[in-house]
Amino acid sequence: MSDHSVYVTNQPLRQARTSWLTAVETAGFFRRRPQQTVGVDQALGRVTAEPVFARHSSPTYNAAAMDGIAVHFLDLAAASETDPVVLGTDRFAKVNTGNAVPEGYNAVVMNEDIHWHGDGSAELVNPAPPWQHVRTVGEDIVATELIIPEGHVIRPIDLGAMLAAGVTAVAVRIPPKVVIIPTGSELIPAGQSVQPGQIIEFNSRILGSTLTEWGADVEIHAPVSDDPLLLRQAITEAATSADMVVTNAGASAGSRDYSAATLGELGSIIVHGVAIKPGKPVILALIGDTPVLGLPGYPVSALLTLQLFARDLVYTFLGAPLPAPQTLEAIMSRPMHSPMGVDQFVRVTLGRVGDKLIATPSGKGAGSVMSVVRADGMLTIPAGSEGIGAGERVRIELVRSRGEVDATLVMIGSHDNILDLLANHLHRRRPPVRLSSAHVGSMGGIMAIRRGEAHLAGSHLLDEQSGEYNTSFIKRFLPDLPLQLINLCYREQGLLVAAGNPLRITGLADLADRGLRFINRQKGAGTRLLTDKILRDSKLDPHQIAGYDREEYTHMNVAVAIASGSADAGMGIRAASVALDLDFVPVAEERYDLIVPAAFARDPRVCAALELISGDHEFQQKIVGLGGYNLRDTGVVMYEQ
Ligand SMILES: Nc1nc2c(c(=O)[nH]1)N[C@H]1C(S)=C(S)[C@@H](COP(=O)(O)OP(=O)(O)OC[C@H]3O[C@@H](n4cnc5c(N)ncnc54)[C@H](O)[C@@H]3O)O[C@H]1N2
Ligand code: MOO
């Protein structure tokens, strides 16, 4: 193996795409375009390689379009209510819908318009225009007519048109064969128990299914461990047998990242390193005339770079048109910083609140699969921009339909485990309602309501002076907004500790005394205020608590930190301890309410949520099953202004 120092450049995206597509084209990749003939029954979703013309007309004969009698239209020319025409049995023929209209006839009269005489003759009171109720030869398709053009993705209706026109086989493109090679010694197959340092191999399925959706013929290679010889062997074989190869991971400059060195030896590297985030270390190479993409290991980086650099290749190889992106203009709910010189791709959720379409980042980190699961669209912050300000207009490329976006209920504020239940029950309704919930703490929710960016906010802010929940904060921060405060639940707050409470933690004082590791919630979270109140009540200084500055955004993130041993205790709801089999030291019961602005009280999405909360017994039983909830006031209006 040659010198392992790898030089990752930072090419602008546009330049990288141009060099890549030019190199692939020059190599002759797009000239291959193999084709085959398949039966129409096998043709759904395939791309036509040649235009399809009608072999014969449809209908192939003049067909009755109604049940009735075939007549000669001239015989009825003089018919009227006052002077009906009576046709003898030799002047008409009975026909059913679809029957051939016999020679000598050129119109059909419906049964409903015939008065039958006892001798079998037919009395008619209306004239008939020529070819009335007749589907004439070629009315639908005329022999030799173009049915579908070349480069067309065959749909169910196209199959019918081809068969109707006598076409039983069709020339289609052979899809490009793509071999995906996951790499990394840490990868194990899904379904096995995972040891520390091991990663379930799932990227190949994201990448493979995406390629399949585009029309490629995908083969997934078994994961190759970080061994340059094995990698070299796998890539060499794949490049011989496939039209395109995708390797995954080992793309950057780590001591076990062999992709670039291997591809450099086997072929030529066109690009290594693009000024995008995520996805920077992507490698674009050619082995002979076979494109090989070395995608970064992080799932979001891998998917994004596949979209940026493989999609055009698959569609062009197939001769199919690239689907046009669907875009929408939205308003950014919070500022997004972006490094200069880098095209940054931000996954966002969208929600229509009042007359505004609000975009909110759905999560960050190139390793966050859920940021893509949740996303409704993608925002690109171009290289020349330092970021987007809150309230700024942005153009979003949709990954979901507008209908789904419009059916989204936007809830911003405090996190509670009930929200996952709510999301599922709302989605079960017909028509479904999608819940987009951003967990930014109770104060964050109140502010989102103030800016008109959420339909609902969950809040559990205790006013220490009055001992009341939420009302004083609403009066202060939402003074002029007509709204209702509706109770969702009472819930137990306490210290989440490891199963069995091995450290015998009884309260925050134990943490201070024994130097145990705490994990906190973010500023503005109701749970954070509760922690601070308890510290004050117990005359403890936050500085005495190790980990006071370590912040998480949800109860479940606090719980998982304790379950994984990275902290000894954290404040949270009982349901989070139940969910992860932790122990729970109760501290307080608190009230959790929903702020419902009057402007949205009749919104169908809001009504659906409120109906579930206050009226659905099964839903309420599920809440109780989570542990630590009391529903004595659920659905009750606690305050109104
Ligand atoms: N010193 C530097 N470190 C890193 C740089 C850099 O420029 N200098 N770049 C960072 C960026 S940006 C990215 S993106 C990552 C990508 O690096 P690799 O392509 O070498 O990927 P790995 O480190 O091997 O893996 C990253 C991550 O993804 C997991 N993974 C990999 N394959 C799969 C799979 N098939 N299924 C599921 N998960 C997978 C892997 O286990 C790692 O956790 O490098 C940064 N570092
Ligand atoms: O490019 Mo990496 O994908 O930013 O994380």
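**A chat about the ligand shells, sheets and domains**

Q: How do the residues of the shell around ligand 2 divide into nonpolar, polar and charged?
A: The shell around ligand 2 has five nonpolar, two polar and two charged residues, where Ala, Val, Leu, Ile, Met, Phe, Trp, Tyr, Cys and Pro count as nonpolar, Asp, Glu, Lys and Arg as charged, and the others, Gly among them, as polar. Please keep in mind that this is a predicted model, in which local features need pLDDT of at least 70 and side-chain atom pairs count only at pLDDT 80 or more, while totals for chains, interfaces and linings use all residues.

Q: And which residues are around ligand 2?
A: They are K277, P278, G279, K280 and P281, together with P296, Y298, S301 and A366; a residue belongs here if its C-beta atom, placed from the backbone, lies within 6 Å of the ligand. Residues are numbered from 1 along each chain as its sequence is written, and chains are lettered from A and ligands numbered from 1 in the order in which they are written.

Q: OK, how many residues surround ligand 1, and which are the closest?
A: Ligand 1 is surrounded by 27 residues, and the closest of them are N203, A249, A251, P296 and G297.

Q: Stepping back, how many helices and strands does the protein chain have?
A: The protein chain has 19 helices and 40 strands, both being DSSP runs numbered from the N terminus (helices H or I, at least four residues; strands E, at least two). Along its principal axes, the C-alpha trace spans about 110 × 75 × 45 Å.

Q: Which domains does the assignment give?
A: Five stretches or pairs of stretches are listed: domain 1 (13-32 + 176-318), domain 2 (35-58 + 140-173), domain 3 (63-135), domain 4 (327-399) and domain 5 (444-640), with bounds from an automatic or database domain assignment. The centres of domain 1 and domain 3, taken over C-alpha atoms, are 70 Å apart.

Q: Now the sheets: what is the strand order in the open sheet of three strands?
A: The order is β5-β9-β8, with antiparallel pairing, and strands count as paired if DSSP finds at least two bridges between them. The edge strands, each pairing on one side only, are β5 (85-87) and β8 (115-116). Between β5 and β9 (residues 122-124) there are three bridges, and V85 stands opposite L124 in β9.

Q: What does β22 pair with, and is each pairing parallel or antiparallel?
A: With β28 (residues 393-398), strand β22 (residues 327-332) pairs in the antiparallel sense over five bridges, and there T327 has E397 as its bridge partner. With β25 (residues 356-361), β22 pairs in the parallel sense over two bridges, where M332 has A359 as its bridge partner.

Q: Which residues of helix α6 are buried?
A: In α6 (residues 259-266), the buried residues are S259, A260, A261, T262 and L263. A residue is buried if 20 or more other C-beta atoms lie within 10 Å of its own, exposed if 12 or fewer, and partly exposed in between, with C-beta atoms placed from the backbone. Of the 641 residues of the protein chain, 42% count as buried.

Q: Last one, is K539 buried or exposed, and why?
A: K539 is exposed, because 7 other C-beta atoms lie within 10 Å of its own. K539 sits in the loop between α15 (526-537) and β36 (551-552), and from C-alpha to C-alpha it is 9.2 Å from A509, which is 30 residues away in sequence.
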